[in-house]
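This briefing concerns the structure shown below.

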Number of protein chains: 2
Amino acid sequence: MKELKPVKLGILGMGTVASGLVNIMDFNKNKVDAAIKRDLTVTKVLVKNLGKKRNVSLPQEVYTQDAYEVINSDTDIIVELIGGINPAYEYIKAALNNKKHVVTANKALIAKHGEELELLADKNNVKLMYEASVGGGIPILNTIRENLSTNEFESVFGILNGTTNFILTQMTENGLDYDQAVKEAQRLGFAEADPSSDVGGDDAAYKLSILSGLAFGQKIHVNDIPKEGIIKISREDIVYAKELGYNIKLLAAGIKKGNEIELSVHPAFIPASHPLSTVKNEYNAVYLKGNAVGELLFYGKGAGSLPTGSAVLEDIIYIVKNVSSSADEIAENRQAGNKRENNLAVSNKGYKQYYINMEVIDKPGVLGSIASIFGKYNVSLASVVQRQKNGDNTVPLVFITHEAERKNIDAALEETKKLEFVTELTSIIIVESFK
Amino acid sequence: MKELKPVKLGILGMGTVASGLVNIMDFNKNKVDAAIKRDLTVTKVLVKNLGKKRNVSLPQEVYTQDAYEVINSDTDIIVELIGGINPAYEYIKAALNNKKHVVTANKALIAKHGEELELLADKNNVKLMYEASVGGGIPILNTIRENLSTNEFESVFGILNGTTNFILTQMTENGLDYDQAVKEAQRLGFAEADPSSDVGGDDAAYKLSILSGLAFGQKIHVNDIPKEGIIKISREDIVYAKELGYNIKLLAAGIKKGNEIELSVHPAFIPASHPLSTVKNEYNAVYLKGNAVGELLFYGKGAGSLPTGSAVLEDIIYIVKNVSSSADEIAENRQAGNKRENNLAVSNKGYKQYYINMEVIDKPGVLGSIASIFGKYNVSLASVVQRQKNGDNTVPLVFITHEAERKNIDAALEETKKLEFVTELTSIIIVESFK
């Protein structure tokens, strides 16, 4: 075995993920040695507070409050773990221009500026890796890139946000309402004090942009992904979902049909028998269909110090293993991928099944009238649940439609709402059949 | 982009998997081009019958009935897809000694002779890859090797045999008894005319030997893996499992505790809420726990022409991408892995929960007497189901124990069987808690 120089890491940030990374490098040192036959050492770390006590065994002299001391020092790889767009964006550009490889877990940055940063990495003949930005510890991006490279993907569905999945699981299994579940998630550290990026679907949309960019060979900007969060999901929706044989999840969905891709983030009814239905609490999963391999599911922890740190470390290992190859393989793959299909249009014309919940006045003929209106718009009903009276004179009328275009559903609902005996349209949620 | 020589493949066998491989190379040619920027061509194929009509578009002149014409011809990679030990073993040795890289889907051969063949590949500075030997299309081996290399694995659980999983699913969901389910599996092509290697657990044991060898860094010979098949699983066991909140699966289990690993293939009660419980019919899954990444599950098609062909093709792509690297990285990883932990002992002392079903004569005090005997051996009962009388005077008594050593369970059962009111011990099945 050759004696090789140690690999020097500069780390921007020393929060949850960074401390996970450094701790894994310690307790799994024998695995790192076996993988790369070189030492990995952390030589510079950007922190806000030099005096803070940290649960990692790094010497005090590695810490600095000056980002450019990390970026410009004698390091091989810069690991960006501060998150957010600014100043991470400037730091990564500076690092790439400085011919440093970059590893990041920053989904917002990669979703918004990934293409530009990848081109900059290619131009400088260095690598930019971001496995930890999607699915936390699940090795999904590198597996698609390296171990599923000969498949055309027909669809990608993900449960990519652990916070919302925790909230929905608590509502389903413990009977909490939305507000209680959010509080429980905050108490356990699964939700921020301001959970809006999670519950509104932004976080999942960032990840879907990155994931579908890789699976379909074309990046769709996160602003072009329609998204709906889980804020409107009620305890009642959850109960009906269960009764009808489903679980409600916040789904990130990408479907390729010919030269079009439909991307969206939305709450969805998932059949209880589908593997995504058993993905609970803070777990994440990615479900893919390839034209050769068929259906695949990858499941694991979508966040957390050690799982995410593990994904960052695998990117570092990949760079070290591949850095000596003369051709920049990643860049070539990326270009080939981008070139091949960059004419895909974004569409949202897909036929879907829908769950609809409305309040109606309980009298004969109501269901018939509503079914007729939906029929007029080519929407037929697959199943109906009618419950006992509420306190007042109304009853909830719940049904799942057969597959239909959203514009027809909306037109039928518009007309339905004008009926005198329809007092409220409570919910409309996509029922995903994974076709 | 450089113009590079085409890569020449010689294929041994042209059955289901080989035709899948050749067809994927056709319909996903753009993906192969993007991945390796070189043509892949099939130059020689070993077949039994030269005249047979095949659903692949290869010119007639590639076919030969002489294996050594394939092995000795001007090819870069030999793809072995005839299966079984002989003559595949001799063919692969000849190919490796001939400095050809080898890709195989042959689980029996790799489980029995993998170490020797890997050493031979290393000696000849060529690669031996076998992703398709475990989990069909699921990219599990290469993902463990390449994308999870810095984790110490604590356990590996797999549903690795699609035939038995199909049979058990049919018994569970459609109320078939074992014989009916086997016939249905045979009718649909999921079981061989002689299904004994599948239903007896051999096939799963081969795969566990390979999988755990990679995950734990030490190969355990398949002969050292205790195995129990599904032949004794009755419709009644399935019904009790459901009632108690479980599904019965044939589980391949590897657990590392300190310097010991427990490996076994056995039917197991899987909690209905566990992700492995939703793996149905012909699907396979691998569930791993790493000390950094935590729990991961990989799910997909464990067999079939295109999924397995896809896994073979990914190995070919890997070899082409890595063949120019000066150091033989795979060999180095392998040696490092083997060296690191080659003192692991095989053990089967594990504490488990057990499902026990016995026929007893229905009279007061029976449960108390049995519980006392189990208590004497430090086995306590976690749940009990007592059913109505059978036609004769007996009733089934079903219980799940708390965790206990198998030798204590066996001692308690031995004593229980001597009780005059115990007429039959019907079943004993492990209840897996994945701890």
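Lys37(A) has 18 C-beta neighbours inside 10 Å and therefore counts as partly exposed. Lys37(A) belongs to a predicted model, and this residue sits in the loop between α2 and β2 of chain A.

**Backbone geometry**

- The phi of Lys37(A) is near 55 degrees, a positive value in a residue other than glycine.
- Lys99(B), also not a glycine, has a positive phi of about 65 degrees.
- Lys99(B) lies in the loop between α4 and β5 (101–104) of chain B, and counts as exposed because it has 11 C-beta neighbours inside 10 Å.
- Most residues other than glycine have a negative phi, and most peptide bonds are trans.
- In chain A, Asn86(A) and Pro87(A) are joined by a cis peptide bond with an omega of about 5 degrees; Pro87(A) is located in the loop between β4 and α4 (88–97) of chain A.
- In chain B, a cis peptide bond links Asn86(B) to Pro87(B), with an omega of about 10 degrees; Pro87(B) is placed in the loop between β4 (77–80) and α4 (88–97) of chain B.

**Contact between the chains**

- The contact between the chains involves 49 residues of chain A and 49 residues of chain B.
- On the side of chain A that touches chain B, at least two residues each are supplied by α2 (29–36), α6 (141–147), β11 (294–301), α12 (305–322) and α13 (329–340) of chain A.
- That side of chain A comprises 19 nonpolar, 19 polar and 11 charged residues.
- Of the interface residues of chain A, 100% are also interface residues in chain B, so the copies meet through the same surface.
- β11(A) pairs with strand β11 (residues 294–301) of chain B in the antiparallel sense, over 5 bridges.
- Within this pairing, Phe298(A) stands opposite Phe298(B) in β11(B).

**Domains of chain A**

- Chain A is divided into domain 1 (7–136 + 306–340), domain 2 (141–297) and domain 3 (351–431).
- The centres of domain 2 and domain 3 of chain A, taken over C-alpha atoms, are separated by 26 Å.
- Contact between these two domains involves 13 residues of domain 2 of chain A and 10 residues of domain 3 of chain A.
- The elements giving two or more residues to the domain 2 side of this contact are α11 (235–244), β8 (246–257) and β9 (260–271) of chain A.
- α11(A) provides the largest share of that side, with 5 residues.
- By class, the domain 2 side has 7 nonpolar, 2 polar and 4 charged residues.

**Parallel sheet of chain A**

- An open sheet of 6 strands has the order β3-β2-β1-β4-β5-β6 (chain A), with parallel pairing.
- β3 (63–64) and β6 (128–129) of chain A stand at the edges with a single partner strand each, so one side of each lacks a neighbour in the sheet.
- Strand β1 (residues 7–12) and strand β4 (residues 77–80) of chain A pair in the parallel sense over 4 bridges, and Leu12(A) has Glu80(A) as its bridge partner in β4(A).
- α12(A) packs on the sheet and touches β1, β2 (40–46), β4, β5 (101–104) and β6 of chain A; the direction of α12(A) makes about 160 degrees with that of β5(A).

Note on methods:
Residues numbered from 1 in each chain as written. Chains lettered and ligands numbered in written order. Predicted model: local features only at pLDDT ≥ 70, side-chain atom pairs only at ≥ 80, totals over all residues. Contact = placed C-beta atoms within 7 Å. Nonpolar A, V, L, I, M, F, W, Y, C, P; charged D, E, K, R; others polar. Pairing = 2+ DSSP bridges. Domains from an automatic or database assignment. Axes fitted to C-alpha atoms, helices over the stretch in contact; angles between N-to-C directions. Buried ≥ 20, exposed ≤ 12 C-beta atoms within 10 Å, placed from the backbone.
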